[in-house]
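The briefing below sets out what can be read from the coordinates of this model, grouped by topic. Please keep the sequence and the structure in view while reading.

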Amino acid sequence: MSTATPTLTGAAVDLTDLTVRFQSKRSRTTAVTDVSLRVDPGEFVTIVGPSGCGKSTLLKIVAGLVAPTSGTVSLLGRPVRRPQQDIGFVFQRPALLEWRSVRRNILLQAEMRGLDRSVAARRADELIALTGLTGFEKALPHELSGGMQQRVALCRALLHQPPVLLMDEPFGALDALTREQLNTELNRIWRDTGTTVLLVTHSIAEAVFLGTRVEVMSPRPGRIVRTFPVDIPPERDYAQVMSDARFDRLATQIRRLLGAGANH
Amino acid sequence: MTHRAADQSAGLVTDDVPAAAPPTVDAAGGSPAGGNARPATRAGSRLLRLLEALWRPALLLAALFAGWWFAAEREYMPNYLLPTPGQVWATMTEDWSFLMRNTYVTLYETVIGFVLAALLGLGTAVLIVYSRTLEKAVYPIVLFAQVIPKIAIAPLLVAWFGVGLTPKVVLAVLIAFFPVVISGVAGLRSTDPELLDLSATMGAGPWKTFRKIRFPHALPHLMSGLKVAVTLAVVGAVVGEFVGAEEGLGYVLLVANGNLDAALLFADLFLMSLIGIVLFAVVEVAEALLIPWHASRRGGVPLATS
Ligand SMILES: Nc1ncnc2c1ncn2[C@@H]1O[C@H](COP(=O)(O)OP(=O)(O)O)[C@@H](O)[C@H]1O
Ligand SMILES: [Mg+2]
């Protein structure tokens with residue numbers, strides 16, 4: 001299950017001098033300023049920053065859902081001008097269709113793209129097994145716990161084998177235990193698929209556990225204040241990483257940088 | 001990679017599953033999210049719930065009926081104003097075919113009016129939701145059409161379209177249209193913006209997004225609007241008949257009133273209400289079939305308005 005990357009040498013995601021302003025009737029908000037960020041294929045980059053610093057906006061820009069006020073965006077070597085299809089997107093809320101079973105929610109991705117049905121069905125079954133949803137294929141979203149709903153959203157985002165996976169605080173609404181489980185699973189899925197991941201979070205532990213690199217953002221208007229490479233091998237075990245001295249050092253540095261305002 | 005995944009996930013499922021949910025919970029029945037689901041058999045609990053929902057209104061109706069019977073039999077009011085249930089029943093049986101013919105006419109006008117109102121209303125809602133320009137142009141007209149007293153324009157409609165089917169259908173449409181538009185707009189706007197974003201990254205066109213995401217999302221709202229609309233459509237048809245008609249329950253009502261035939265008038269009223277109730281029930285059943293997944297429907301009995 002390796003993903004085809006069109007440009008083997010270029011960046012998966014490339015943001016240069018990005019600034020985004022939102023203009024509403026009453027106010028003008030600068031969400032992010034002067035953000036430059038390059039993500040290479042196969043990397044797992046996490047962005048951590050306080051609420052409202054423009055993390056979601058950044059992901060939407062990469063997906064082509066929001067246009068930057070200035071600066072350039074490219075995905076897989078091509079400039080981003082409209083909503084991009086070479087991505088999978090996972091939001092904080094699962095955003096499932098209430099009337100569809102787990103399996104049919106995952107297959108929405110295939111239906112909307114007009115993918116081959118039997119290939120998609122096989123792929124969906126693989127993902128269901130991969131994320132431990134076996135036995136729940138026919139359940140409706142309201143019959144599932146929050147963690148399982150988010151697994152369904154993850155399967156949906158991976159169905160078409162996207163070269164880039166964007167995740168916006170995907171586990172932010174879950175309890176700590178479920179979150180740790182899903183972090184472990186996501187680490188495994190990332191290693192298995194070779195997908196490039198750009199994940200936004202306000203949890204420092206999550207950012208360090210998952211990332212090959214952590215980008216720290218300032219409060220609004222958001223800018224990237226520092227980059228921390230995570231020199232822990234990609235295959236990570238939760239308990240082990242948590243007690244690792246390198247993890248502690250990194251987490252402490254990031255926490256200092258973010259000040260008292262950030263949680264976790 | 002799949003076998004490794006299966007090993008790991010075996011441990012996860014136990015932790016992360018809603019306590020009461022068996023692996024294959026079926027949508028209609030005893031889902032743990034249903035709240036007051038009982039460990040009874042499905043048919044049994046359904047009947048029980050139906051009875052529970054119905055005994056209070058049934059008791060009230062029985063009391064009212066008894067009061068009516070008593071007052072009429074004792075002639076606290078003269079029978080040409082308040083007939084006895086027996087007299088109404090007698091009229092009902094004697095004039096059965098006459099009454100049925102006129103019930104059919106009113107039912108026909110109502111159903112056509114309702115279906116047209118539903119289609120036009122939904123179409124208008126789609127225009128309003130999808131186009132800012134059209135929203136600005138169409139909303140004031142819709143509102144204007146709603147605030148005009150329909151009874152006041154009924155004579156005009158009869159003058160334009162004659163005493164046939166058309167003015168009744170037009171009135172039914174005019175009166176039933178508004179709740180469909182309002183509920184349709186609210187429903188179509190209720191779609192999760194994240195789902196729309198997602199749909200854009202899936203490369204889906206507007207029609208596919210409408211069909212698979214927006215329209216199903218709008219259904220719960222829309223069905224509420226349709227329930228209001230169907231009862232209003234009856235009013236529209238009857239008002240149309242009041243103003244100019246040669247048949248229909250509204251026409252019969254005027255005739256009965258003119259002849260001081262209270263028994264016929266009551267029989268007629270009873271049939272009018274019946275049309276409304278039956279059509280309402282039909283929409284309720286349609287709702288139960290269309291959106292069994294919605295929170296308002298889980299574990300519900302189709303005929304209970306809950
Ligand atoms: N569509 C929008 N219109 C106006 N302001 C917006 C919009 N989207 C985001 N913002 C503003 O931009 C800032 C950053 O938002 P967001 O990217 O959601 O932050 P984060 O995800 O880090 O919490 C916030 O102040 C927010 O109010
Ligand atoms: Mg956000």
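A residue is called buried when its relative accessible area is under 20%, exposed when it is over 50% and partly exposed in between, with a 1.4 Å probe and protein chains only. Helices (H or I, at least four residues) and strands (E, at least two) are DSSP runs numbered from the N terminus. With these terms, five of the five residues of strand 9 of chain A (residues 213–217) are buried, so strand 9 is largely enclosed by the rest of the structure.

This is a predicted model, in which local features need pLDDT of at least 70 and side-chain atom pairs count only at pLDDT 80 or more, whereas totals for chains, interfaces and linings use all residues. Residues are numbered from 1 along each chain as its sequence is written, chains are lettered from A and ligands numbered from 1 in the order in which they are written, and side-chain values use heavy atoms, with hydrogens and water left out.

**Chain A as a whole**

- The secondary structure of chain A consists of eight helices and ten strands. Its radius of gyration, taken over C-alpha atoms, is 18 Å, close to the 18 Å that the globule rule gives for 264 residues, so chain A is as compact as a globular protein of that length; the rule itself is 2.2 Å times the number of residues to the power 0.38.
- The C-alpha trace of chain A spans about 45 × 45 × 40 Å along its principal axes, and 58% of the 264 residues in chain A are buried.
- If a contact is defined by heavy atoms within 4.5 Å, then 71% of the contacts in chain A between residues at least 6 apart in sequence join residues at least 24 apart.
- Accessible areas come from the Shrake-Rupley method with a 1.4 Å probe, and for residues only the protein chains shown count as cover. Chain A exposes about 10,800 Å², of which carbon and sulfur atoms supply 49%.

- Two strands pair if DSSP finds at least two bridges between them. Strand 3 (residues 44–48) of chain A runs parallel to strand 9 of chain A and is joined to it by four bridges, and V45(A) stands opposite R213(A) in strand 9 of chain A.
- Strand 10 (residues 224–229) of chain A runs antiparallel to strand 9 of chain A, with five bridges between them, and E215(A) stands opposite T227(A) in strand 10 of chain A. A hairpin of six residues connects strand 9 of chain A to strand 10 of chain A.

**The open sheet of chain A**

- Four strands of chain A form an open sheet in the order 2-1-4-5 with antiparallel pairing; its edge strands are strand 2 (28–39) and strand 5 (78–79) of chain A, each of which pairs on one side only.
- Strand 4 (residues 70–75) of chain A pairs with strand 5 of chain A in the antiparallel sense over two bridges, where L75(A) stands opposite R78(A) in strand 5 of chain A.

**Helix 1 of chain A**

- Seven of the nine residues of helix 1 (residues 55–63) of chain A are buried, so helix 1 is largely enclosed by the rest of the structure; among them are K55(A), L58(A) and I61(A).
- G64(A) follows helix 1 of chain A and has a positive phi, near 80 degrees.

- Chain B has eleven helices and zero strands. Of its 306 residues, 41% count as buried, and chain B exposes about 16,200 Å², with carbon and sulfur atoms supplying 70% of that area.
- The buried residues of helix 8 (residues 193–201) of chain B include E194(B), L195(B) and D197(B). The buried residues of helix 8 of chain B pack against helix 1, strand 6 (87–90), helix 2 (102–113) and helix 4 (146–158) of chain A, together with helix 9 (206–243) of chain B.
- Just after helix 8 of chain B, G203(B) takes a positive phi of about 70 degrees.
- P155(B) lies in helix 6 (residues 150–161) of chain B and is partly exposed, with a relative accessible area of 42%. P155(B) and G244(B) are 89 residues apart in sequence and 7.7 Å apart in space, C-alpha to C-alpha.
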